[in-house]
Amino acid sequence: MTTKEQVRVELERAGGGFLSGTQLAQQLGVSRNAVWKAVQTLQKEGVPMQAVSNRGYAIPPAKAGLSAPGIYGHLADPKRYFLHVHDTVTSTNTLLRELAQQDAPEGTVVLANAQTAGRGRCGRVFYSPCRSGIYMSLLLRPKLPVEETLFITAAAAVSVADAIDAAAGVRTRIKWVNDIYLQERKVCGILTEGALDLENGMLRYAVLGIGINIAPPEDGFPPELSGIAGSLFPDGQVPEGFADKLAAGVLSAFDARYRALPSHDFLTRYRDQSMLTGRQVTVVQGEREQKALVLGIDDACRLQVRYPDGSEVALSSGEVRIRPHLGEK
C-alpha cells in the first residue's frame with residue numbers, strides 16, 4: 001500500500017480516535033512530512049479528516065450506513081482486517097475477487113451499503129437496495145482442499161446467526177446450508193466462491209459473501225420476495241451505529257471459528273440452530289424435485305434426508321424448499 005493508503009487504514013482502525021503525526025510516522029516507518037502530505041491528499045480526495053493541534057488526525061465514523069472507523073472501533077482485533085467500505089458497488093464478491101487476483105492479503109474485506117448486481121446461489125440476483133442492509137465479502141486464503149468449502153459456509157452461518165442474535169436481541173435459525181431466517185423469513189444469504197489450484201487441488205483463495213437485511217427497503221421487497229424475505233427491524237427503526245456494530249460482530253465471530261475450522265467444533269452449534277431438522281422439505285436438484293423428511297446434519301455438514309420410499313441420502317449440493325411443519329396443512 002502507498003503511504004496515503006496506510007495512513008487511512010491506521011486512522012480508520014483507530015475508530016474515530018486521534019493519532020498524532022509522530023505516532024503515525026513511527027507506526028508506518030515514514031517521516032512526519034510524509035504523513036502530513038498523505039493527510040493533505042486524503043482531505044483533497046474528500047475523506048472527512050479531522051486535524052486538531054496537539055491531538056493529531058482522526059476520521060470520524062459516518063452517522064448513517066457503514067463506515068470503516070465505526071467497524072474498526074467494534075472489532076476485537078482490528079489488525080486482522082483491511083476494510084474497503086463503499087456506498088454502492090456492483091457486487092462485493094466481484095470486487096473482492098479482483099483484489100484477490102491482485103494478491104490482496106487474507107482479511108481484506110469489501111463492504112457496501114448497496115449493490116447493483118448482488119449475487120446469490122445458482123446465478124440468482126441478491127436484492128441489495130440502498131441502506132437497508134449490510135453487504136460484505138471477506139477474503140480467505142485457507143490451506144484446505146476444495147471439498148472443505150462447505151465447512152467455511154457453515155461456520156459463517158453459525159457466526160452470522162450468533163452475531164445477529166447478540167446485536168439485535170433476536171433468535172435466528174439456519175436453513176441449510178447458507179441462509180439465516182428470523183420468524184420464518186430469510187434475513188441473510190451467504191455465498192462462498194473459491195479459486196482452485198489445479199496443481200494440488202487446494203483452494204488458492206475463497207471469497208465469503210454475506211448479505212444481511214437490516215430494515216425493509218423504502219419501497220418494500222419486490223413481489224417475488226415479499227413472501228420470503230424479512231429484516232431484523234421490520235419497523236425500519238434501526239439503532240444508530242447498528243450496521244457498524246453488526247458487521248464487526250460478524251467478522252469477530254467468524255474469525256474465532258475460522259481459526260479452529262479443522263476441528264469442526266461449530267457443527268454442534270450448527271445443528272442446534274438448524275430450522276430444517278424434523279421438517280418436510282422439497283429437495284431440488286437440477287430439474288428434479290422430491291419430497292423428503294430432514295433427519296439432521298451429518299459430520300460432513302451434509303443434509304440427511306429420507307425420501308417417501310424409505311431411502312436415506314446425505315446431500316452435499318442442491319437446495320431445499322421448506323414445506324409446512326409436520327402435522328400442518
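1. At roughly what angle do the axes of helix H1 and helix H3 cross? In this predicted model, the axes of H1 (residues 3–13) and H3 (residues 32–44) cross at roughly 80° and come within 9 Å. Angles of 65 to 115 degrees count as roughly perpendicular, and H1 and H3 are therefore roughly perpendicular to each other.

2. On the H1 side, the contact is made by Thr3, Lys4, Val7 and Arg8; on the H3 side, by Ala34, Ala38, Val39, Thr41 and Leu42. By residue class, the contact of H1 with H3 has five nonpolar, two polar and two charged residues.

3. The whole structure contains zero disulfides. A disulfide needs two cysteine sulfur atoms within 2.5 Å. The sulfur closest to that of Cys188 belongs to Cys301 and is 15 Å away, too far for a bond. Cys301 is likewise in no disulfide, its nearest cysteine sulfur being that of Cys188. Cys188 counts as buried because its relative accessibility is 0%. Cys301 also counts as buried, at 0% relative accessibility.

4. The largest nonpolar core has 72 residues, of which Ile212, Leu246 and Tyr270 touch the most other members. Helix H6 (residues 149–168) supplies the largest share of this core, 14 residues.

5. Leaving out residues up to four places away in sequence, Ile212 touches Ser132, Gly133, Ile134, Val160, Ile164, Val187, Cys188, Leu232, Leu246 and Val250.

6. Another core, of 14 residues, lies apart from the largest one. Its members include Leu11, Val39, Met49 and Ile59. Val39 is also one of the H3 residues in the contact with H1.

How values were computed: Residues numbered from 1 in each chain as written. Predicted model: local features only at pLDDT ≥ 70, side-chain atom pairs only at ≥ 80, totals over all residues. Heavy atoms only, no water. Axes fitted to C-alpha atoms, helices over the stretch in contact; angles between N-to-C directions. Helix = DSSP H or I, 4+ residues; strand = E, 2+ residues; numbered from the N terminus. Parallel < 35°, antiparallel > 145°, perpendicular 65-115°, else oblique. Contact = heavy atoms within 4.5 Å. Nonpolar A, V, L, I, M, F, W, Y, C, P; charged D, E, K, R; others polar. Buried < 20%, exposed > 50% of the residue type's maximum accessible area, 1.4 Å probe, protein only. Core = buried A, V, L, I, M, F, W, Y, C linked by side-chain atoms within 4.5 Å.
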